[in-house]
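This report goes through one model chain by chain and then looks at where chains meet. Please keep the sequence and the structure in view while reading.

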Amino acid sequence: MALDIFLGLLVLGLAVWIVSTRDTLAAAVEFVAFGLVVTLVWVRLAAPDVALTEAALGSGLTGGLLLGASTRLARAETATSGERHGAVLRLSAAGVCALISAAIAALVILLPEPAPTLAPEVAANIAATGLENPLPAVLMAYRAIDTLLEVVVLLLALLAMWSLAPDHLWSGLPWRPDAVGRDGVLTFVAQLLAPVGILVGIHIFWIGSVAPGGEFQGATILAAMWILVTMAGLRDMPPMSRRWLRVVLVIGPAVFFAIGLAGFAIAGSFLGYPPSYAKQLILTIEIPLTLSIAAALALLIAGPPERAAQ
Amino acid sequence: MSKLALMPGLATAGGFLLVIAIILPVIGMLLALALRGPYPERIALVVMPAGVAVAVTITAELWRTRSVLQYFVGGWAPPLGVAFRADGLSAVMMLTSALLISGIGLFARAQFPSPREGEARAPSTFWTLLLAIWGALNAVFVGGDLFNLYVALELLTFAAVPLVSLDGRAETFTAALRYLLFALLGSILYLLGGVLFYAAYGTLDIAMLSGRIHAEPVAWAAISLMTAGLLAKAALYPLHLWLPPAHAGAPAPASAILSGLVVKAPFFLVVRLWFDVMPRMPEQAAAQLLGILGAAAIILGSVVALRQARLKLLIAYSTVAQIGYLFLMFPLAIRPETGHPWSATAWTGGVLQAISHAFAKAAMFMAAGLIAEAFGHDRIERLAGAGRALPITVFAFGLGGLSLMGLPPSGGFIAKAMLLTAAVSEGQWWWAVVVLAGGLLAGGYVFVVLARALADPIEPLRLSATASVRRQGVVLAVALCAILLGFVPLRPWELLQIGRPDLATIGLR
Amino acid sequence: MRLLLDGLTILAVGAGAFFFLAGTVGLLRFPDTLSRLHALTKADNLGLGLIVLGLLFQAEGLFAALKLIGVWLLTLLAGATVTQLFARAARNGGSPE
Amino acid sequence: MSAATLYGLCSAVLIGLGLFGLLTHPQVLRKILAFNLIGTGVFLLFGIAARRGAAAGFGGDPVPQALIITGLVVAFASTAVAVSLLLRLFQETGRTTLPSDE
């Protein structure tokens, strides 16, 4: 219990620091640390899969994105960065937020004591999905439509980002980091870490059906490796008009839809799996899905095209 | 007893149509994303008739069976699985969006032609986003699970925000960013409400939640947070700051979709929340608050619209005002215990207002687009001679204005008449005053535009490019839809009562 | 036997914690970036190594032990790389080139 | 006072802090950071609902935990779009704040 109190205070301390510090770059760095501490909180709340996702996606990729943005914006730290709103607005905002926090805190305390849960239903029906880990069972079987729509949201976010590019750069290349010395440390690390990282990513994806892991966590690690390789200058990001890239992006949801529609025939309903070979079907969905998510995450980090294709 | 006529017992025969209504545009969008080049436009043109056909089939199936269509995705019944449900309201909204998106698609072919070889940014993005918006709208209209609706709302946001800054002008990036920030705030508040529901009642399925909910602090907090989030996304006053620059900055077909349909989805979810999730809770006071916000939106939106110098901004502020009308429905139609006779009239009036506004506003934005293309600008005081240069377009704009004002024979008139009768007969006369004042002000800003447009041009007109008669015909057709709604007899509107057993229909006879 | 393993674990983890403390004190006290980096990397890597050693005694199977060592090696690699980049940035006055 | 309730209070304060940061920082990047704080707070609430509902041999109710994973991916997508929109705005106008900020 003491550890929980310590972690809670640490999380709040970091959050206060993030909100109150003046320098945007420091806030972004704090956010990465904040994300890692929240990962520990997820471990304490007995949610290892969520801890993996939070570490990889919540603090890793989001932190990287925010760090990259704050450095690009920091170069032109305009005069407006320091000034804040008038004291009156800050006080009223603080009042409103304190009110909302107090209300939520009161509600959390007043939650019904025999907490309503769906764990028994999940346990009762998990045999039909052929998986042991309940989370992929919920994500890929019971609420498969949410996961499907969510991957479509990811692809749509990518298209939304691409559409921000100026017309003449439409099928160009994303921003290239100012190359950090071809023979530098980063290149060496990329050559060493990339294969290990890809192995770890595939391992985490593979054990997802049995132990904590799954396609989102594995895909995030694969995306991180791809970004590391491009940042080290070993490979360049493909231009967005490349046909194979678009196919890799779409193959995941396409297979998901195909097997979902096949569910009409073999299991009587959309996204239904016959219990006998549900596990194999889910696996055939997850492999291309991991590829699509990894590609989408890496391209989201790389940013809209800023260089014309050669 | 749950307000929905069907407890989550069994999936109905026609249920799979709901799945097709969602996956058809989404698969089209994936294909468009993969194939690029001229294909997004062709895929959109193939999906449009199919989507209209599916919407018509769903409405026919609903009318025939007179019961809510229901489908359990993957065969898993709630609370574990996600259910799709379509009642009369969903079917009517799906039919409206299918017809309107097809109309806007035909109109947009000239503005976003995809080149034969190679690829251009705006056209391929527009057609792909058009399909994505259609899929997201259908997912919102049939969703039966609050978290599934959250994902559908996010799909809608990410499809709508890039439309605002599609032609790459600097000020549209500011408008798009502000729109995105408001939308994200709305989504997070909606999710916060959702988690409170799950923590308290153990399910996120609407039908089951309405069975388990009772008037306690956590239920009130969850509903108020979700409603606040949805109001931010629906741009109801005072959370409307993002709408005018966003809808005015977008290209014409995009603003038609944004004002006509995208803004209606959060309103639809507030209706789902108030009429389906909290049936047995005394919410008359809260409904009055929504009505007051709606009234404020009508008055202030119209007054600000009167003072606009640019045509598209005028129409955008008119959207802010007309959204206020939609929320007048809540204080009039919400009567859990007494089930007073006039709630059905107010309910039908509110839904009819949403539909007629969709068609009328889309026609006005498209007409404004054509005028801006021909004149090179859209400042109202220098629109003299537009009536002579683009007669059909200005006539369509006038028809749209007619429906907004609520003059017979338009659909807007029927909607406002129903709201008026419900307000007067329920004794809440103040809503009647607001409806009439709103109609008067709407008349004001429409006449301001028409007076300028029909005036004789002082110097001879130098038009850059007048649109083809076919494009103007499409705008006219959409405007006529708003008018024809007024000719539909009351009998078919009982379609809206399907899934609403409690709404007494005495008032409608 | 069990007692011995637990004793060794407590000893190693304690030493590791001490080195982390030393590293943090070094971070706070040393004047410039380079010496701070020096203190941090030396103390923390050793600290982590000791903690991993301590946990090895508690590891159930071989695979868990290998995973622990893997964690240590990856952290060493990441730590060294970041320190190199920081040092180069500090030397070039802010920009990595 | 179980661990779940403690983290519940912690997430309530996080949501308040995030909202405060969102309302008072004119810098859009700080607003995006604040959104992520509020998002983490809301997902913590999902985690609390899951932990309180631990039954049938699971450490926590898997349904809200699955919703968190879906929510995290959507939150990342929205952060990515917001950041790229901000960078594009900065490229075009050199501004990093929204004019006439509320």
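## Chain B: elements and overall form

Chain B has 19 helices and two strands. Both kinds of element are DSSP runs numbered from the N terminus: a helix is a run of H or I with at least four residues, and a strand is a run of E with at least two. The model is predicted, so local features need a pLDDT of at least 70 and side-chain atom pairs count only at pLDDT 80 or more, while totals for chains, interfaces and linings use all residues. Residues are numbered from 1 along each chain as its sequence is written, and chains are lettered from A and ligands numbered from 1 in the order in which they are written.

The C-alpha trace of chain B spans about 70 × 55 × 40 Å along its principal axes.

## Chain B: burial and contacts

Of the 509 residues in chain B, 68% are buried, meaning that 20 or more other C-beta atoms, placed from the backbone, lie within 10 Å of the residue's own. Among contacts in chain B with a separation of 6 or more, 81% join residues 24 or more positions apart. Two residues are in contact if their C-beta atoms, placed from the backbone, lie within 7 Å.

## Chain D against chain A

Four pairs of chains are in contact, and chains A and D share the most contacts. Here 66 residues of chain D meet 78 residues of chain A. On the chain D side, helix H1 (3–24), H2 and H3 each supply at least two residues, and H3(D) gives the most, with 22 residues. This side has 41 nonpolar, 20 polar and five charged residues. Ala, Val, Leu, Ile, Met, Phe, Trp, Tyr, Cys and Pro count as nonpolar, Asp, Glu, Lys and Arg as charged, and the others, Gly among them, as polar.

## Chain D against chain B

Chain D gives 27 residues to its contact with chain B, and chain B gives 20. Helix H2 (28–52) and helix H3 (62–93) of chain D are the elements that give two or more residues to the chain D side. H3(D) again gives the most, with 15 residues. By class, this side holds 18 nonpolar, five polar and four charged residues.

Chains B and C do not touch, and their nearest C-alpha atoms are 30 Å apart. Chains C and D do not touch either, with nearest C-alpha atoms 20 Å apart.

Conventions. A residue is buried if 20 or more other C-beta atoms lie within 10 Å of its own, exposed if 12 or fewer, and partly exposed in between; C-beta atoms are placed from the backbone.
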